[in-house]
Amino acid sequence: MSVGELVALARELNGWSLRQLEKKTGISNALLSQIETGRIKNPSWWNVVKIAGALNLKLERLAKCDRE
(Lines give C-alpha, C1' and ligand atoms only; values in the text may rest on other atoms or scores of the structure.)
Protein backbone atom coordinates (compact mmCIF):
# COMPACT_ATOMS: atom_id res chain seq x y z
CA MET A 1 0.00 0.00 0.00
CA SER A 2 1.30 3.46 -0.82
CA VAL A 3 1.37 6.48 1.49
CA GLY A 4 -1.34 8.09 -0.64
CA GLU A 5 -3.60 5.05 -0.52
CA LEU A 6 -3.26 4.84 3.26
CA VAL A 7 -3.97 8.56 3.67
CA ALA A 8 -7.03 8.34 1.42
CA LEU A 9 -8.35 5.29 3.27
CA ALA A 10 -7.83 6.85 6.70
CA ARG A 11 -9.45 10.11 5.58
CA GLU A 12 -12.47 8.28 4.17
CA LEU A 13 -12.81 6.12 7.30
CA ASN A 14 -12.96 9.35 9.32
CA GLY A 15 -15.68 10.58 6.97
CA TRP A 16 -13.64 13.66 6.03
CA SER A 17 -13.42 15.49 2.74
CA LEU A 18 -10.12 16.76 1.40
CA ARG A 19 -11.16 20.25 2.53
CA GLN A 20 -11.68 19.00 6.09
CA LEU A 21 -8.24 17.39 6.10
CA GLU A 22 -6.84 20.62 4.68
CA LYS A 23 -8.25 22.55 7.64
CA LYS A 24 -6.79 20.06 10.12
CA THR A 25 -3.31 19.94 8.56
CA GLY A 26 -2.81 23.31 6.87
CA ILE A 27 -1.87 21.43 3.68
CA SER A 28 -3.75 22.53 0.56
CA ASN A 29 -6.42 20.16 -0.68
CA ALA A 30 -4.69 20.18 -4.11
CA LEU A 31 -1.47 18.87 -2.55
CA LEU A 32 -3.37 16.34 -0.45
CA SER A 33 -5.13 15.11 -3.59
CA GLN A 34 -1.80 14.71 -5.39
CA ILE A 35 -0.45 12.70 -2.46
CA GLU A 36 -3.55 10.48 -2.36
CA THR A 37 -3.54 9.81 -6.11
CA GLY A 38 0.18 9.08 -6.20
CA ARG A 39 1.21 12.07 -8.30
CA ILE A 40 3.47 12.93 -5.36
CA LYS A 41 4.99 9.63 -4.30
CA ASN A 42 7.33 10.94 -1.60
CA PRO A 43 5.73 13.83 0.28
CA SER A 44 7.92 15.87 2.60
CA TRP A 45 8.43 14.39 6.05
CA TRP A 46 6.89 17.46 7.65
CA ASN A 47 3.68 16.97 5.61
CA VAL A 48 3.63 13.28 6.52
CA VAL A 49 3.92 14.22 10.21
CA LYS A 50 1.01 16.71 9.93
CA ILE A 51 -1.19 14.22 8.06
CA ALA A 52 -0.39 11.42 10.51
CA GLY A 53 -1.27 13.65 13.45
CA ALA A 54 -4.59 14.70 11.96
CA LEU A 55 -5.60 11.16 11.02
CA ASN A 56 -4.17 9.48 14.15
CA LEU A 57 -1.86 7.34 12.04
CA LYS A 58 1.39 6.03 13.45
CA LEU A 59 4.45 7.39 11.68
CA GLU A 60 5.93 3.90 11.73
CA ARG A 61 3.00 2.66 9.65
CA LEU A 62 3.42 5.42 7.08
CA ALA A 63 7.17 4.79 6.93
CA LYS A 64 6.51 1.15 5.98
CA CYS A 65 4.35 2.11 3.00
CA ASP A 66 5.67 1.00 -0.38
CA ARG A 67 8.13 -1.28 1.40
CA GLU A 68 5.72 -4.11 2.11
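Does Asn56 count as buried or exposed, and at what relative accessibility? Asn56 counts as exposed because its relative accessibility is 71%, where exposed means over 50% relative accessible area, buried under 20% and partly exposed in between (1.4 Å probe, protein chains only). This is a predicted model, in which local features need pLDDT of at least 70 and side-chain atom pairs count only at pLDDT 80 or more, while totals for chains, interfaces and linings use all residues. Residues are numbered from 1 along each chain as its sequence is written, and side-chain values use heavy atoms, with hydrogens and water left out.

**Helices H2 and H3**
- The axes of helix H2 (residues 18-25) and helix H3 (residues 29-37) come within 9 Å and cross at roughly 110°, helices being DSSP runs (H or I) of at least four residues.
- H2 and H3 are therefore roughly perpendicular to each other, a term for angles of 65 to 115 degrees.
- On the H2 side, the contact (heavy atoms within 4.5 Å) is made by Leu18, Arg19, Leu21, Glu22 and Thr25, and on the H3 side by Asn29, Leu32, Ser33 and Glu36.

**The buried face of H3**
- Asn29, Leu32, Ile35 and Glu36 are buried in H3.
- Seen down the axis of H3, these buried residues fall within an arc of 115°, so they line one face of the helix.
- Helix H1 (3-13), H2 and H4 are among what covers the buried residues of H3.

**Positive phi values**
- Asn56, in the loop between helix H4 (45-55) and helix H5 (59-64), has a positive phi near 55° although it is a residue other than glycine.
- After H3 comes Gly38, whose phi is positive, near 90°.

Terms used. Axes fitted to C-alpha atoms, helices over the stretch in contact; angles between N-to-C directions. Helix = DSSP H or I, 4+ residues; strand = E, 2+ residues; numbered from the N terminus. Parallel < 35°, antiparallel > 145°, perpendicular 65-115°, else oblique. Arc of directions from axis to C-beta.
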